[in-house]
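Work through the exercises below with the model open. Each task is followed by its solution.

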Amino acid sequence: MKKAVISGVGPIEGLGAQLCIRFATKGLHVLVAGRTQTKLDAVVSAIKANGGSAEAVVADSTNESETAALFDQAGSDLDVAIYNTGNNTPGRIAEMSAEFFENSWRVCCFGGFLFGREAVNRFAGNGGTLLFTGASASLRGRENFGAFNSSKGALRNLAQAMAKEYGRDGVHVGHVVIDGPIGGEKIKKNLPEYAEKLGEQGMISIDGIVDGYDYLYNQPKRAWTFEIDVRTSVEKW
Ligand SMILES: NC(=O)c1ccc[n+]([C@@H]2O[C@H](COP(=O)([O-])OP(=O)(O)OC[C@H]3O[C@@H](n4cnc5c(N)ncnc54)[C@H](OP(=O)(O)O)[C@@H]3O)[C@@H](O)[C@H]2O)c1
């Protein structure tokens, strides 16, 4: 059975979880990786209830040995790996601690390096698809978001370098720029007033985003896309 490793999985109504569910419906065995066992278990249960195959792996994306162990657990036949981990880290630079800035980079960029390195080594000569989740922050700096912008921008450049370095080995590396708020639990539950202000039409459909990953995964070797961006029709960009 082909395998998918997806890191940065949280609540069911979140991008990481919905990526897991989609790749399981495509017949892959999914390693559902993240920090919180109960959230991962809920995703695995949903997949199994639908006749799919999955297992939960608790692994902090910033931890080198836990990332290696995650891929060890996947074993052979790795077909797709998705680095979805990333937390927004707002704050002004003048008041920002060095630790806070470094942690933003560790989660958004360094973890992507650990994950990407393991993935390309495990694909070996067989090729595979390696996808990274980006944000508006990947393409521009913005007041009050210097830590997040710089770390997501660095992740994008890492992804592009890997696309060029491993394409000839049959590894399709892609980057998805999510340009705006996702209509998932993170915004709806944690920022209800913001969600109300945006309305459904102002939040990006998770299903639509997942379609983008699916599209990249399905591309033939002679027609690869490195990057797609996705936003709502009402987004000011
Ligand atoms: N939410 C948005 O509006 C938005 C917009 C643009 C781009 N994005 C990007 O989309 C991706 C997914 O974000 P999301 O907000 O929708 O969340 P999500 O996919 O629903 O969940 C991501 C999960 O990643 C987990 N995580 C955080 N740090 C981790 C670490 N060090 N190791 C392992 N797992 C970790 C968190 O788990 P716990 O809950 O267990 O801590 C979180 O729930 C991120 O890369 C984000 O930058 C999000």
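**Exercise 1: Packing of H3**

The buried residues of H3 pack against strands S1 (3-7), S2 (29-34), S3 (53-58) and S4 (78-83), and against helix H4 (98-123). Helices (H or I, at least four residues) and strands (E, at least two) are DSSP runs, numbered from the N terminus. The model is predicted: local features need pLDDT of at least 70, side-chain atom pairs count only at pLDDT 80 or more, and totals for chains, interfaces and linings use all residues. Residues are numbered from 1 along each chain as its sequence is written.

Task: find which residues of H3 (residues 64-74) are buried.

Solution.
- Step 1. Apply the cut-offs: buried means 20 or more other C-beta atoms within 10 Å of a residue's own, exposed means 12 or fewer, partly exposed lies in between, and C-beta atoms are placed from the backbone.
- Step 2. Thr67, Leu70, Phe71 and Ala74 are buried.
- Step 3. Viewed down the axis of H3, these residues fall within an arc of 90°, so they line one face of the helix. The arc is that of the directions from the helix axis to the C-beta atoms.

**Exercise 2: The other face**

Task: identify the exposed residues on the face of H3 turned away from its buried side. What follows H3?

Solution.
- Step 1. That face carries Ser65 and Asp72.
- Step 2. Gly75 follows H3, with a positive phi near 70°.

**Exercise 3: The whole protein**

Task: state how many helices and strands the protein has, and what share of its residues is buried.

Solution.
- Step 1. The protein has 8 helices and 7 strands.
- Step 2. Of its 237 residues, 44% are buried.

Terms used
Two residues are in contact if their C-beta atoms, placed from the backbone, lie within 7 Å.
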